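Visitor: Hi! I'm new to this one, and I'd like a quick tour. Could you show me what we're looking at?

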Amino acid sequence: MGSLDELGVPGREQFDWFSGAVSSGVMPVALSTRNAADFRASITDLDLGVVRMSALTCTAVLSRRTSAHVRRGDPEHLQLALITQGAFSISQRTNESLVAGGLVLTDTSRPSEGACLGRQIESVIVQIPRQALPLNPDRTDRLLAQSLTADDGSGAILADFLKTLLKRGPRCRPEELRRIGPVTLDLATAFLAQQLGDPSQAPAEARAQELLQRVWRFIDQNLHDPHLTPQSVADRHNISLRCLYSLFEDQPLSVAARIRRGRLERARADLASPTLSGQSVLTTALRWGFSSATAFGRAFREAYGTTPSEYRATALRAGSATARTGRKSTHPAALSSAARGI
């Protein structure tokens with residue numbers, strides 16, 4: 001489902017349509033708004049198999065789920081929401097919180113009251129079947145309607161992962177999304193276990209996924225460092241090189257290949273940038289950790305089937321043509337089919 005405008009729902013009917021869609025497709029709930037005539041909403045839904053992820057954008061709305069609503073329909077889900085814009089006021093169990101920029105856990109099996117505050121709220125919601133979460137339910141209930149930080153640690157890792165999944169997920173094939181589902185569940189489990197003060201509650205798979213996400217983020221933030229190697233990555237995370245390699249056993253790329261691909265992608269973007277067109281290929285190569293123009297050129301040609309100079313010329317011509325005509329042209333990243341095989 002996309003925006004209600006894109007689906008052709010008239011503006012004055014969007015709130016009624018949205019309210020009905022939530023009650024029938026997610027769970028029975030009473031929604032209300034002061035701006036029904038100007039209400040706008042969009043929903044992106046990703047089926048990840050073991051869990052589902054939804055992204056919701058809407059104008060201010062109030063929600064109330066009573067015991068009667070629970071009896072009418074209960075998916076028996078825990079909903080872990082990342083609030084990326086605006087603020088969300090939530091009351092459930094004996095807890096009440098205002099969440100802005102953080103995470104919050106709610107339970108569809110309990111009554112709740114919520115309010116999306118501000119002109120617009122944006123959130124990413126992971127719907128987790130209760131039986132799929134390998135944590136003590138009595139302890140997990142203590143986290144309901146609590147404002148949980150997403151600024152550091154496992155919260156930041158989970159938030160970054162969900163944002164990336166929201167951006168890239170709609171272009172993935174269904175079988176790819178189903179393989180991502182267990183990863184999403186593991187990261188959510190590790191995060192909630194950390195919030196409970198006992199990370200050891202998370203299964204080994206969840207702890208491994210959290211470590212893998214930390215490694216990925218460290219690599220992405222240090223691609224410019226010419227000394228970034230598998231050994232330096234292992235040392236930075238206080239693990240052996242063998243342990244690092246085992247983390248990547250089921251991944252499409254080895255740790256060394258991920259470093260190489262990341263450097264090539266950053267360099268390729270710089271080569272296509274008009275503002276950096278005056279810089280030499282060597283400067284670009286050194287900026288992204290390559291030891292020489294020769295080594296960079298060899299790796300670039302192997303990955304994309306063309307030399308850095310040829311790619312830059314083609315990309316800049318395409319950008320110049322777009323600027324003159326005002327029409328969209330093929331993004332430079334699509335100029336070589338070999339790019340898909342990195």
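Guide: Happy to! A word we'll need for the tour is "contact", which means heavy atoms within 4.5 Å. Also keep in mind that this is a predicted model.

Visitor: Thanks! So which residues does H69 touch, leaving out those up to four places away in sequence?

Guide: With those neighbours left out, H69 touches P28, V29, A30 and R64.

Visitor: And where is H69 placed?

Guide: You'll find H69 in helix α2, which covers residues 67–72.

Visitor: Is H69 buried or exposed?

Guide: H69 is buried, because its relative accessibility is 12% and buried means under 20%.

Visitor: Okay, let's switch to V61. Which strand is it in?

Guide: V61 belongs to strand β3, residues 52–65. V61 is also buried, with a relative accessible area of 7%.

Visitor: What does V61 touch, again not counting residues up to four places away in sequence?

Guide: The list is F15, L31, S32, T33, F39, G114, A115 and C116.

Visitor: How far apart are V61 and S32?

Guide: In sequence, V61 and S32 are 29 residues apart, while from C-alpha to C-alpha they are 5.8 Å apart in space.

Visitor: Zooming out, how many helices and strands does the protein have?

Guide: The protein has 12 helices and 7 strands.

Visitor: And what share of its residues count as buried?

Guide: The figure is 45% of the 342 residues. As for the surface, the protein exposes about 17600 Å², with carbon and sulfur atoms supplying 49% of that area.

Visitor: What about contacts across the whole chain, how many link residues 24 or more positions apart?

Guide: Taking the contacts with a separation of 6 or more, 69% are between residues 24 or more positions apart.

Visitor: New topic: at what angle do helix α6 and helix α9 pack?

Guide: Helix α6 (residues 204–221) and helix α9 (residues 255–271) pack at about 40°, and their axes are 10 Å apart. The two helices are therefore oblique to each other.

Visitor: Is the crossing left-handed or right-handed?

Guide: α6 passes α9 in a right-handed crossing.

Visitor: Which residues meet there?

Guide: From α6 come W216, I219 and D220, and they meet V255, R258, I259 and R266 in α9. Sorted by class, this contact has 4 nonpolar, no polar and 3 charged residues.

Visitor: Great, thanks for the tour!

Technical notes. Residues are numbered from 1 along each chain as its sequence is written. This is a predicted model: local features need pLDDT of at least 70, side-chain atom pairs count only at pLDDT 80 or more; totals for chains, interfaces and linings use all residues. Side-chain values use heavy atoms; hydrogens and water are left out. Helices (H or I, at least four residues) and strands (E, at least two) are DSSP runs, numbered from the N terminus. Buried means under 20% relative accessible area, exposed over 50%, partly exposed in between (1.4 Å probe, protein chains only). Accessible areas come from the Shrake-Rupley method with a 1.4 Å probe; for residues, only the protein chains shown count as cover. Axes are lines fitted to C-alpha atoms, for helices over the stretch in contact, and angles run from 0 to 180 degrees between N-to-C directions. Angles under 35 degrees count as roughly parallel, over 145 as roughly antiparallel, 65 to 115 as roughly perpendicular and the rest as oblique. A crossing is left-handed if the near helix is turned anticlockwise from the far one by less than a right angle, and right-handed if clockwise. Ala, Val, Leu, Ile, Met, Phe, Trp, Tyr, Cys and Pro count as nonpolar, Asp, Glu, Lys and Arg as charged, and the others, Gly among them, as polar.
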